[in-house]
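Here are some notes to read alongside the structure. Take them in any order you like.

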Amino acid sequence: MDKKQRIKLIGAGAVVVATVLGLAGLFTGGKLMYHLQNRGELGPLSRSDIQYLNVEAPEATGRDGTVNASDWAAVYPEIVATMGDNSKNSYVTDYLEEDPYLVNIYEGYGFAKDYGSARGHEYTLEDVHKTQRPHAKANCLTCKTPNFAKLVNDQGVGVYSMPFEEVEAMMEENVSCYTCHGNDAGNGGALVVTHSYVNKALGENAAAIDPATLSCGQCHIEYYFTPADSETMMPYDGVAAMTPEAILAYYDSIDFADWTQESTGTRLLKAQHPEMETFLSGKHAALLNCADCHMPMEMSEDGAVYHSHLLVSPLENQMLLENCATCHGDTDMVKMVRGIQDRVTARETEVGNALSAMKTALADAAASGTWAEEDLEAVRRLHREAQWFFDFCYVENSEGAHNSELSMRCLDTAEAKIGEAMALLDAEDA
Ligand code: HEC
Ligand code: HEC
Ligand code: HEC
Ligand code: HEC
């Protein structure tokens with residue numbers, strides 16, 4: 001299974017196209033062909049240049065039967081190497097230092113104690129181990145390691161509520177091949193959803209989402225833990241219900257709260273990182289998938305074309321910027337995106353501070369002992385909503401780049417709710 005077994009057909013032309021289509025039967029997963037047949041080709045290297053012969057999966061050395069990255073190294077050296085390069089993304093911003101109002105609005109929840117920015121996939125197990133946020137149960141491992149997904153697939157949902165330490169000791173890899181391909185990467189790189197809650201939540205509606213987007217959407221999403229068995233779950237059943245409004249309505253309908261804040265008495269929600277939801281209602285949803293902008297195509301010295309598995313910012317990669325140009329022409333993409341991010345970040349600071357002030361005023365009202373419970377409840381309702389909309393934007397990692405309209409709408413909605421709450425608080429005080 002050495003590199004020579006790959007067919008290399010660089011240089012375009014009818015032969016390539018014919019051969020690619022001729023290979024359709026090889027990609028029994030159908031996933032790669034989906035791209036080749038249905039989507040435009042971007043940039044100088046395109047999907048039709050990728051030629052990986054179907055290979056038999058190497059023997060699994062993962063204790064749980066997962067074929068791990070080192071098992072694949074002989075077959076897909078470039079992919080394994082580029083995936084390992086995610087360790088280069090190690091920079092962490094301390095959000096609590098950067099935006100001090102967070103400590104007040106997250107009062108009573110783990111994020112008020114420890115909230116740093118994300119870093120590369122090679123740090124997931126280290127970071128979940130180190131976090132100061134409490135993790136009593138194994139469900140915190142859901143998005144950190146393929147070994148947890150495998151354990152759920154083998155043993156069922158009981159695994160989610162096992163003690164964290166006990167399960168952590170069994171975990172071997174950070175986010176890795178099994179996460180996105182199962183043991184099936186040899187099948188032309190077929191993408192497999194290994195996180196069972198995705199299929200459970202979306203059912204047939206999953207088919208409406210591009211497989212490469214859904215692959216990231218196993219984790220880069222809003223989720224909650226079911227009260228019954230602490231299972232990780234998506235709060236919707238399809239793309240139409242992925243808006244912050246619909247998700248809030250769902251959480252209300254099951255009377256869900258992440259925590260009750262002591263000083264205000266509000267039953268609050270904590271949004272996670274709704275990248276997929278935000279992206280899917282944005283301008284690129286029908287045109288591109290996550291890999292198009294975060295996994296550049298590369299060519300190795302011996303001419304193998306592959307998707308780099310180092311997940312990068314498109315603004316820092318020449319190949320990806322060239323892809324942007326196929327639609328955006330000679331627009332300065334860095335300037336354009338930074339402009340959006342600056343506007344969104346400035347609004348976040350403004351609305352975040354207003355939210356913090358409102359939270360303090362509500363806590364004062366609750367402490368005063370002069371407020372009727374039902375009047376406090378009316379303000380708490382607005383507090384819950386305002387914080388949800390603010391958070392949905394704040395915790396989304398693109399800072400507006402994925403969908404600036406949605407980010408701004410969330411902040412505007414939060415601001416309006418804060419205004420209503422302040423009006424109630426002021427009226428009562430007067
Ligand atoms: C198994 C869950 C999982 C899957 C699937 C997943 N990610 Fe991640 N991703 C994470 C976690 C967890 C982090 C944060 C790691 C840390 O900070 O320790 C992360 C971090 C990242 C980062 C770095 C963010 C930063 O601020 O530096 C990028 C970029 C990223 N992921 C993109 C993707 C893309 C693109 C896909 C799909 C091809 C994907 N991820 C699939 C869990 C996942
Ligand atoms: C049209 C291109 C495009 C698509 C498609 C896209 N993104 Fe992004 N993404 C961006 C840009 C631009 C940024 C901002 C990068 C920066 O700030 O340097 C970004 C930022 C991110 C970040 C934060 C990275 C960091 O270093 O802070 C993550 C995580 C992420 N995207 C995940 C995803 C996921 C998951 C999907 C699919 C659901 C996706 N992206 C689809 C363009 C895209
Ligand atoms: C976070 C998700 C993720 C992880 C982890 C991951 N892949 Fe991929 N892989 C993808 C995506 C997305 C594609 C592009 C598929 C597409 O767009 O058709 C891909 C493509 C491939 C392909 C097809 C050829 C190509 O370059 O497009 C192979 C082979 C492959 N991956 C092997 C691996 C191996 C081996 C590992 C572990 C070392 C791995 N992948 C880890 C998401 C992942
Ligand atoms: C297949 C075509 C296509 C490609 C490729 C493409 N875009 Fe776009 N992009 C669009 C369209 C269409 C719009 C919407 C334009 C409008 O409404 O004015 C858009 C809008 C945007 C916006 C504004 C989104 C918002 O919500 O405000 C950003 C930012 C952006 N693109 C970044 C990128 C980046 C970065 C890349 C390359 C990594 C890229 N695009 C590649 C078609 C594309």
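1. First, a term: a residue is buried if 20 or more other C-beta atoms lie within 10 Å of its own, exposed if 12 or fewer, and partly exposed in between, with C-beta atoms placed from the backbone. Please keep in mind that this is a predicted model, in which local features need pLDDT of at least 70, side-chain atom pairs count only at pLDDT 80 or more, and totals for chains, interfaces and linings use all residues. Residues are numbered from 1 along each chain as its sequence is written, while chains are lettered from A and ligands numbered from 1 in the order in which they are written.

2. Helix H17 covers residues 333-368; helices (H or I, at least four residues) and strands (E, at least two) are DSSP runs, numbered from the N terminus. From first C-alpha to last, H17 reaches 52 Å, close to the 52 Å expected for its 36 residues, where the expected span is 1.5 Å times one less than the number of residues. Its buried residues include Val337, Glu348, Leu355 and Lys359. Just after H17, glycine 369 has a positive phi of about 75°.

3. Leu355 comes back in the largest nonpolar core, where it is among the residues that touch the most other members, as are Phe389 and Cys410. A nonpolar core is a set of buried Ala, Val, Leu, Ile, Met, Phe, Trp, Tyr and Cys residues joined through C-beta atoms within 7 Å; this one has 30 residues. Helix H18 (373-394) is one of its contributors, and gives the largest share, ten residues.

4. What does phenylalanine 389 contact, leaving aside its neighbours within four places in sequence? The partners are Pro244, Cys410, Thr413, Ala414 and Lys417, with contact meaning C-beta atoms, placed from the backbone, within 7 Å.

5. Now to the ligands. Around ligand 3 there are 26 residues, with Cys177, Cys180, Gly189, Tyr306 and His307 the closest; a residue counts as near if its C-beta atom, placed from the backbone, lies within 6 Å. Helix H10 (177-181) is among the elements giving two or more residues to this shell, and H10 gives the most, four.

6. Ligand 2 has 21 residues around it, and Cys216, Cys290, Cys293, Ser313 and Asn397 come nearest. The largest share of that shell, four residues, is from H15, a helix spanning 290-294.

7. For ligand 4, which residues are the closest? They are Lys283, Pro314, Cys324, Cys327 and Ser404, out of 22 surrounding residues. H17 supplies at least two residues of this shell, but H16 gives the most, with six.

Notes: Two residues are in contact if their C-beta atoms, placed from the backbone, lie within 7 Å.
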